[in-house]
Each structure stands twice: as C-alpha cells, then as structure tokens.
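Please look at the sequence and the structure first, and then read the points grouped by topic.

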Amino acid sequence: MLLGLVAPKLKEVVGPRNDQKERILLESHSPAPEEKVAPAQIVDEIAQKVLSGMPLRVIDLNTGTFSSNAELLRVFKLSPEYQALVSDKSIPPADLAEKAEDVIRKYFAYVMLSHVWGEDEPLYGDIKLITNILEMSPSSLGIRKLQNFCRIAKQRGFHWCWSDTCCIDKTSSAELQESINSMFKWYRNSALTIAFLLDVLQSTPEALKRSRWFTRGWTLQELLAPTAIEFYMGDWTPFLTPSAGGATPLNYKLIPEFVQCLETILYIDKSYLVDFNPGLDDVREKLRWMATRRTTKAEDMAYCLLGILDLRLPVLYGEGERSFIRLQDEIMKNTDDTCIFDWVGKPSNLNSYLASSPSCFRQVAWRPSPYQTTAELPMFETVSEFTHKLSAALLRVAESLLNEPPLGHFVANGRMNLRSFVYQVKSVELVTSTEVQKRRVYRYHVKADGVEPVTVVTTYKFPDARFAARSLSFGRIWDNSLRLIPRKTHKATEEEDEPPSDDYNPWTVKNDDYLTIVAKRLREPFVAQLLVVHPDGQFHRVHTEERIVAQPRLIELLDLRTPRTLIVH
C-alpha cells in the first residue's frame, strides 16, 4: 500500500527515463502467479506414500537381495514406469496423481508369507550378506521354504516379497517395535499372501483342520488382514486345484466352499473371514478367537492382537503376561464395552478384574436379549401404587446412569474403579468337591439379595460359610446398554418430520418409555462377578471356572438399588 503512494512521486522527480525501472520495481512486488507442480514432485510424493504402507525391507526377486524403502524408491526412479510418468507434460496434475498411484501400486505389489516357524529358519543376520538368496545352498528346511516361496512369487509376476523370518532385523528394538505394530497393515496392503501349511499333504478338509497353522497366534491376523490369500501344502502345490477346464483359484477368500470350511475349523463367522475390519467392535468375540492359540513367547499373545484390534503398544519382551494386562488397559481406554470382564479362569497378577491370558475368553460371548417394544413389556398398569413406586425407583437409577463417569481406569497400584450394582450374599452352601486336571474344584449354591440362587464353580475354598456370606457379594457392571435408548422407542409427533439425532437426550422422549426400557434391562439375566470385600472397603474378584449368570428377582423392582463406584484390585 505504501509503495503504491510513493511510486507516482518518484516518477515526477526522476522523469520518464526511469519508467522502466519503476515498472520493474512494481512488478517485483505484485502477487506471483500460482506455481506449477512438477510431475516428478507429484510422482515422488505418491511413491513415498505407497512405500510408507509397505514393509521396511523386502526381497528383490530380480536380484535375490534385500531392499529397503529408500532402495526401492531409487530403483523405481530408474524404471521405465517412472520415466513415462514424469516425462508426460500433457496430463493435468489431478489426472497424473490418479494415474501415478495406479502405476506405482502395481510396480510395488508384493507378496507376504504366512507360515509356522521351524527350528532352522534363516534370520536376517544369517543371510544379509548373501549375494543372491535365490541361489544360495538349500542347506536347511527353512532356506528351502524361503526359496520356494520366492520362486512362486516370482512365477506369479511379482518383483518383491516378504518373510518374517529374514526381513526383520530383530536385533534392532526400534525396527522390531515398528514391525510388530505395522504387521497387520503390511498384510492388508499386500497384493497376495501365501499361507504355507507344512503338515498338510492332502487336499482334504480333514487334513486342513489338523494343521498347526490354525493353532498359532500370529497366523490369525495373517488370515484376517490380507484381501487375497492362497494356501499351499507341504510339497508347495496349491491346496485347491483347478476343476476340469477351469482356472487355478487366485484368491481363496472368494471361494464360498473354502470359506465355509475355515468357518467350521475356526468357529469364526465367515463375514469376518471374507472382509475383516480391524477395531474394537465385537472386542470380546475377537479375544475369543485367540483363546485356543499359542505363541512361543508369552508377550506375543497380546502383540499379535494389536492389528486386529487396531491398537498400538510399546513392545517389551521379558514382561510376560503383563503385556496382556496392558492390552486390556488399552482396550478400556478406547471402548466402554464391559464384555472384556466376561471371562473365566485365572486372573492377572495386577488386578483381579483382568484376565491373565486370552484363554480366559474361550467361552462364546454372553448376549443379552434384544430390546423389546413398550407393548411387549407389561408394566402392571392396573396397580397404580406399584407403578408409582416402580417409577420412582427407576427414576433414581436412570438419573444415576445418565450421570455415569467413564467405565473404569487404573487409579494406583493396579487398583481400578468400576461402576457396579452390588447384591449382598446371604448364604453359601458347598454342593460338591471334585478333582479336575489335578485341581480341586468346588461347586457352591449361593443365595443373594435381589437375584435368584446361583451356582458358583471355583477352585477357591471358602474357609467358613458364615464368614463367606458376610464378605461376599455379586457385582453387575453397568454398561451403556442400560443408558442408551434405542431409536425405535422414540415416538414422532405430528409436528416432527425428522428422526432424532444419534445423540439426542433420552429425556426428550416420553418418560414412561425410558423407564420401561430401564426396567426391562434391569430384569434381564446378566453376567455377574463374585466379589469379596476387604476390611478397607475395597473389592477383589473371586475367579471362577464357569460363567456366573444371575437372574434378578421380580420383587427387586420395588426396591431398585443404584450403582456404586467400587475400588477393585
């Protein structure tokens, strides 16, 4: 602005001879035209983006050597594909970006290996100096496995492949950390995953079912993550052979009969097997999938679930079962699904509410009955006094639920606060005592306020029935299903055309409807935890061998309790 006022005065003083200098001065301060992005810059940025979703190191099937991401980019810049992209000046930037991404993804398409580790696998340190992995002496089963995998990948037209045995430098803690937290993404982004089943020698469902591949921890995500997978038997022939006149199957996830076979073997719904999305939806079901699997290192029972649950954790080998405790803590931080407390067996050493391992989730998740409409839940409307007392009690519970704090978190030394309904135990009676797998198992008949009698099976022996009755109670962790109102309970008025938003206040619906829903949910059976209270008022969960399902008594509706915040350890 100041320059615009001064320039005319300069012209009057110096005269017309300096008109050219003035124009140069003004042009140097005028807005610069929009800069054009060079094709090479566009292509390089897309290449970097694609490489960021690939493994840190792959095997170059043309040279038989390892290639890092930086080396892959250098090789790509020397390729005809790169030169064709950056030399075409006629393509608009937007079109070039779309074309470049398609070309680059095809160029860097890679194959992943899924297998069960043997005792003589070639590690990165063993073969990093080998001039050609494809031509080295097949002196062990592990090397022969790697070479056969590379051979098939090359025959299929790919230039790059990856195996967890030799493509991760496990002496580097930083590389191991990044690899474990990125493994699911690498399998998901692969063009193909080859699952090698060493112990399958016949193409039959029975032989497939007996394979160790279905019992290992890491192979679960190696099955779920890829969009395309093929299975090879111990002699490196495809498990599925082409039918007469048909083509060789290229993606077993697209073959309904094979997917059905996997569903039968794994007890995993085929919808997950065909199109799996990582995350914390159905988290209890995903933990069940890992219950019967095993890993060589105890920590990997948690780490191999990270990609499936879409979580990240520091990798700390040597911590043992604490890795699974950290995983459960991370789950609680990211979801309010209380199903993670629905487990049986041995508790963790840190907190009695947390499971020691995925094996504790071996039972199918407890599913409460679906919501019913108001008409399906009689509220004893003919008894006005009952209805009045019931509404007042429900209102207290509803107000408590609407002001509910977060699900639970560690407060100190492994202690956690949990919002729960508490049912005091009145009597404990020993029914049987038997030995199961060298452990003494006790079966008790337990009566408590507000619920029907319950059978409890545990390895814990109560020293005295009277003492047990005074110190024991059942806990019912409240969850958002007691708080959230189904959309179908909302009754639209004549003036209201739009449906309610997802976060509408339940008090905007008719109060009777809300109270009815709360009453119904509180009357349903629920998964209970057997708790023992200590003199300091803190609670400890008693581990059980079978799930405890409690049924609220109908008379309890006249004296509904509100949830309490318990400190558990």
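Which residues in the largest nonpolar core touch the most other members? They are I59, F108, F231 and L327, in a core of 123 residues. This is a predicted model, in which local features need pLDDT of at least 70 and side-chain atom pairs count only at pLDDT 80 or more, while totals for chains, interfaces and linings use all residues. Residues are numbered from 1 along each chain as its sequence is written, and side-chain values use heavy atoms, with hydrogens and water left out.

**Nonpolar cores**

- A nonpolar core is a set of buried Ala, Val, Leu, Ile, Met, Phe, Trp, Tyr and Cys residues joined through side-chain atoms within 4.5 Å.
- Buried means under 20% relative accessible area, exposed means over 50%, and partly exposed lies in between (1.4 Å probe, protein chains only).
- Beyond its neighbours within four places in sequence, F231 is in contact (heavy atoms within 4.5 Å) with residues including W213, Y252 and F258.
- A second, separate core has 23 residues, among them V428, Y442, V446 and V454.
- In soluble globular proteins, nonpolar side chains tend to be buried together.

**Salt bridges**

- The structure holds 17 salt bridges, each defined as a side-chain nitrogen of Lys or Arg within 4 Å of a carboxyl oxygen of Asp or Glu.
- One of them joins the side chains of E101 and K49 (3.8 Å, N to O).
- E101 lies in helix α6 (residues 93–107) and K49 in helix α3 (residues 39–52), so this pair ties together parts that are 52 residues apart in sequence.
- Helices (H or I, at least four residues) and strands (E, at least two) are DSSP runs, numbered from the N terminus.
- E101 counts as partly exposed because its relative accessibility is 24%.
- The side chains of R57 and E175 also meet in a salt bridge (2.6 Å, N to O).
- This pair links strand β1 (residues 57–60), which holds R57, with helix α9 (residues 173–189), which holds E175, and the two residues are 118 residues apart.
- Both R57 and E175 are buried.
- A further salt bridge is formed by the side chains of D449 and K426 (3.5 Å, N to O).
- D449 is in the loop between β9 (439–448) and β10 (451–458), and K426 is in strand β8 (residues 415–436), 23 residues apart.
- D449 is partly exposed because its relative accessible area is 29%, whereas K426 is exposed, at 51%.
- Salt bridges with shared partners join K49, E101 and R105 into one network.
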